[in-house]
Amino acid sequence: MSHSFTLAAGAPELPSIAYHALWPVLIVFVVACLGVLVEAFIPREERYATQVGLAVIGLLGAIVAVVALRGASLTTVGGAIAVDGTGLFIQGSILVLAVMSVLLMAERAVDGSPIVAQAAVVAGSRQDREQARSDRMQTEIFPLAMFAVTGMLIFPISNNLLLMFVALEVLSLPLYLMAGFARRRRLLSQEAAVKYFLLGAFASAFFLYGVAMLYGYADSVDLAGIRSAVATSSRPDALLYIGLALLLVGLLFKAGIAPFHSWTPDVYQGAPTAVTAFMAACTKIAAFGGILRVLYVAFGTMSWNWRPVIWAVAITSMAVGAIFGLTQSDVKRVLAYSSIAHAGFILVPLVALTKDSIAAMMFYVLTYGFSTLAAFGVITLVRGSDGEATHLSQWCGLARKSPFVAWVMTILLLSMAGIPLTAGFMGKFFVFREAFHAAAPLVVVALVFSAVAAFFYLRIIVLMFFAEPPTDGPTVTIPSPATTIALTFGLAVTVALGLFPQPILDLAHHAAYLIS
């Protein structure tokens, strides 16, 4: 008996997939899956070296794939993914910073490891105290990080809101777990993981409800379909505005932008410092890539409607970050509020709607990523009697103990403050210059809060160089080669982009195009 099958008339065609355009994502995803198999089949004593090598090689391979795609401009998977210059630049930035993050997570020379040996152990129990003295680590963190990077790579190239939601969950769920992996201060770490999970679940619900509203308005969840509906639909605009507002809540939460920032200080403080660096650099870049694509591709024709919202949110984020950062006594919380302030600065060029403003924004997130990741790396080296010395009083007189580490931290803090001859200054200069013609008052406000925020960076510098060290003063441990490579690269890029920014700025300018 023979059977024949034919497509019914009018049946939708299967979407074509340009697999070469997805190589960066596929490489990292395969590495993540292989990491799971390593945990299942490789002996425990061999897992660490295998996982670290697998993750680094996979990320480097994905970077090569991104470079090979330079200049690409295409949509694939039925138009759900748009591979363009902006998406590739964001992907490349995420991958480079992810390599540095993995190297920080691989640290074992500083007090064993920052990653707990078994995260499920009850905090404060006898077993918990014993594993705090162990040199083992929970190597599952490496495949979890690779799954998170997979979501981060999909997020900024998503041309479909449902795919963007899936990418949001793929990048978020591993981070919720990783936040609870700190070896010391277990209760604080577990509290950070729970807070991040609960607030992240609410933000995801807002995002998904916004998608539902926009589908009701446009009969489509494709960004191009929504843009067409904005121009032609006769349905009530209430669905459009409510949907956009709810969508922005989810996106702004993931970027840590005030007033949706409440998770940031607690999670940054409680999570392992290497994981905090990963979130502060990679997650923020991915989130801003998603915000850029949604606002410019789907809602670019109604910019007059969302520009006031960006104004308000940017000012709020700059104010919250700068003012509340002044009152913090923990270094990690200072950098958390610094990230909130920087999120406001990054939003400033969004109101300009030009190619140059897109390039300036991409340059800024890249410079911020290197500076903040290296700064968190330095924090892992400064130790007190109970582990990392994160209280500001423990940093007093650090320059007398280790002048080199103090000078490295000083350069990174000056960059975040936007002092000339650093990458941070060039980033702020280009961002404010491109936004000035479209939003001069917003740029003036940004300059004021930039000056306010500079105070808490300078306070740390003053403590390191001019304050008397405590009797049990801080100690600086010698890191492993992995952490040394990450810190050296981060510092070198921060200095190089401050002195010679033009090559990367030109690259960002050539990549500043979005397709749908």
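Author: In this predicted model, the axes of helix α3 (residues 85-105) and helix α11 (residues 273-298) come within 9 Å and cross at roughly 170°. An angle over 145 degrees counts as roughly antiparallel, and α3 and α11 are therefore roughly antiparallel to each other. The contact can be followed residue by residue. On the side of α3, the residues that take part are Thr 86, Gly 87, Ile 90, Ser 93, Ile 94, Leu 97, Ala 98, Ser 101, Leu 104 and Met 105. In α11 they meet Ala 274, Ala 277, Phe 278, Ala 281, Cys 282, Ile 285, Ala 286, Gly 289, Leu 292 and Arg 293. Sorted by class, the contact of α3 with α11 comprises 14 nonpolar, five polar and one charged residues.

One of the α11 residues in this contact, Cys 282, deserves a separate word. Cys 282 is buried, and its relative accessible area is 0%. The cysteine sulfur closest to that of Cys 282 belongs to Cys 33 and lies 19 Å away, too far for a bond. A disulfide is a covalent bond between the sulfur atoms of two cysteines. The structure as a whole holds zero disulfides. A further cysteine, Cys 396, is also buried, with a relative accessible area of 11%.

From here the description turns to other helices. Helix α7 spans residues 186-218 and includes Ser 189. Ser 189 counts as buried, at 0% relative accessibility. Apart from neighbours within four places in sequence, Ser 189 is in contact with Ala 179, Gly 180, Phe 181, Ala 182, Gly 270 and Pro 272. Gly 325 belongs to helix α12 (residues 303-325) and likewise counts as buried, at 0% relative accessibility. When neighbours within four places in sequence are set aside, the contacts of Gly 325 are Val 320, Val 334, Tyr 337, Phe 456 and Arg 459. Between Gly 325 and Ala 423, which are 98 residues apart along the chain, the C-alpha separation is 21 Å. Thr 232, in helix α8 (residues 223-232), is exposed, with a relative accessible area of 65%. The C-alpha atoms of Thr 232 and Ala 482 are separated by 55 Å, and these two residues are 250 residues apart along the chain.

The chain also contains an open sheet of three strands, arranged in the order β4-β3-β5 with antiparallel pairing. Its edge strands are β4 (387-388) and β5 (475-476), each of which pairs on one side only. Strands of a sheet pair through backbone hydrogen bonds, either parallel or antiparallel. Strand β3 (residues 382-384) is joined to β5 by two bridges, and the two strands run antiparallel. Within this pairing, Arg 383 stands opposite Thr 475 in β5. Val 382, in strand β3, counts as buried at 0% relative accessibility. The C-alpha atom of Val 382 is separated by 38 Å from that of Ile 310, and the two residues are 72 residues apart along the chain.

Ala 258 and Pro 259 are joined by a cis peptide bond, with omega about 10°. Pro 259 has its place in the loop between α9 (237-254) and α10 (263-270). Val 77 is found in the loop between β1 (74-76) and β2 (81-83). Its phi is near 55°, a positive value in a residue other than glycine, and Val 77 is partly exposed, with a relative accessible area of 27%. Leu 421 lies in the loop between α16 (403-417) and α17 (423-436). Leu 421 has a phi near 75°, again a positive value in a residue other than glycine, and is exposed, with a relative accessible area of 61%.

Key. Residues numbered from 1 in each chain as written. Predicted model: local features only at pLDDT ≥ 70, side-chain atom pairs only at ≥ 80, totals over all residues. Heavy atoms only, no water. Axes fitted to C-alpha atoms, helices over the stretch in contact; angles between N-to-C directions. Helix = DSSP H or I, 4+ residues; strand = E, 2+ residues; numbered from the N terminus. Parallel < 35°, antiparallel > 145°, perpendicular 65-115°, else oblique. Contact = heavy atoms within 4.5 Å. Nonpolar A, V, L, I, M, F, W, Y, C, P; charged D, E, K, R; others polar. Disulfide = S-S within 2.5 Å. Buried < 20%, exposed > 50% of the residue type's maximum accessible area, 1.4 Å probe, protein only. Pairing = 2+ DSSP bridges.
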